[in-house]
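Hi,

Here is the structure I said I would pass on. Have a look at it first, and then read my notes below.

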Amino acid sequence: RFTMIIIKFEENQSVAYDENKKIGECDFIEENNTWNIIHTEVDNTYQGQGIAKKLVECVIENAKKHKKSITADCSYAKRVLERPNLHLINKGCLIKT
């Protein structure tokens, strides 16, 4: 059975869905015009498919659209933010590390 995972940006988080089932989330808080990613989690049965990375990238893209800086206390999101090719995703968004 083929299913499409949908990533949606919601209030203070990006969420992954398999049909109507929530399978992952990336949560952030806003402090002084900066979005701080505090938690990223994907259901065990869906791990290893790149969903967590897509969740973090969704928050980054929306930070850019809303002209916010971005940082991460979440260790996984921090590693994503520190990747050298992130500038390809993140044009125009200031990253605070």
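**What I found**

(Helices and strands here are DSSP runs numbered from the N terminus, helices being H or I with at least four residues and strands E with at least two.) Thr34 is buried, at a relative accessible area of 6%; buried means under 20%, exposed means over 50%, and partly exposed is in between, using a 1.4 Å probe and protein chains only. Between Thr34 and Lys67 there are 33 residues of separation in sequence, while their C-alpha atoms are 9.2 Å apart in space.

Before going on, two notes on where the values come from. This is a predicted model, so to speak of local features a pLDDT of at least 70 is needed and side-chain atom pairs count only at pLDDT 80 or more, while totals for chains, interfaces and linings use all residues. Residues are numbered from 1 along each chain as its sequence is written, and side-chain values use heavy atoms, with hydrogens and water left out.

Now the overall picture. The protein chain has three helices and five strands, and along the sequence they come in the pattern β-β-β-β-α-β-α-α. The chain has 97 residues, and 42% of them count as buried. Its accessible surface is about 6000 Å², with 48% belonging to carbon and sulfur atoms; these areas come from the Shrake-Rupley method with a 1.4 Å probe, and for residues only the protein chains shown count as cover.

S1 runs antiparallel to S2 (residues 13-18), and six bridges join them. Ile5 has Asp18 as its bridge partner in S2, and Ile7 has Ala16. The two strands form a hairpin with two residues between them, and Asn12 in the turn has a positive phi of about 60°.

Ser14 lies in strand S2 and counts as buried, at 0% relative accessibility. A polar atom of the Ser14 side chain lies 2.8 Å from the backbone oxygen of Leu55. Leaving aside neighbours within four places in sequence, the contacts of Ser14 (heavy atoms within 4.5 Å) include Ile7, Phe9, Cys26, Leu55 and Val59.

Finally, the largest nonpolar core has 21 residues, and Ile37, Ile51, Val56, Val59 and Ile70 have the most contacts inside it. Such a core is a set of buried Ala, Val, Leu, Ile, Met, Phe, Trp, Tyr and Cys residues joined through side-chain atoms within 4.5 Å. S3, S4, H1, S5 and helix H2 (75-81) each give two or more residues to this core, and H1 gives the most, with seven. Apart from neighbours within four places in sequence, Val59 is in contact with Ser14, Cys26, Phe28, Trp35, Ile37 and Ile70.

Cheers

Definitions and conventions:
Pairing = 2+ DSSP bridges. Polar contact = N/O pair within 3.5 Å; in protein donor to acceptor, adjacent residues only side chain to side chain.
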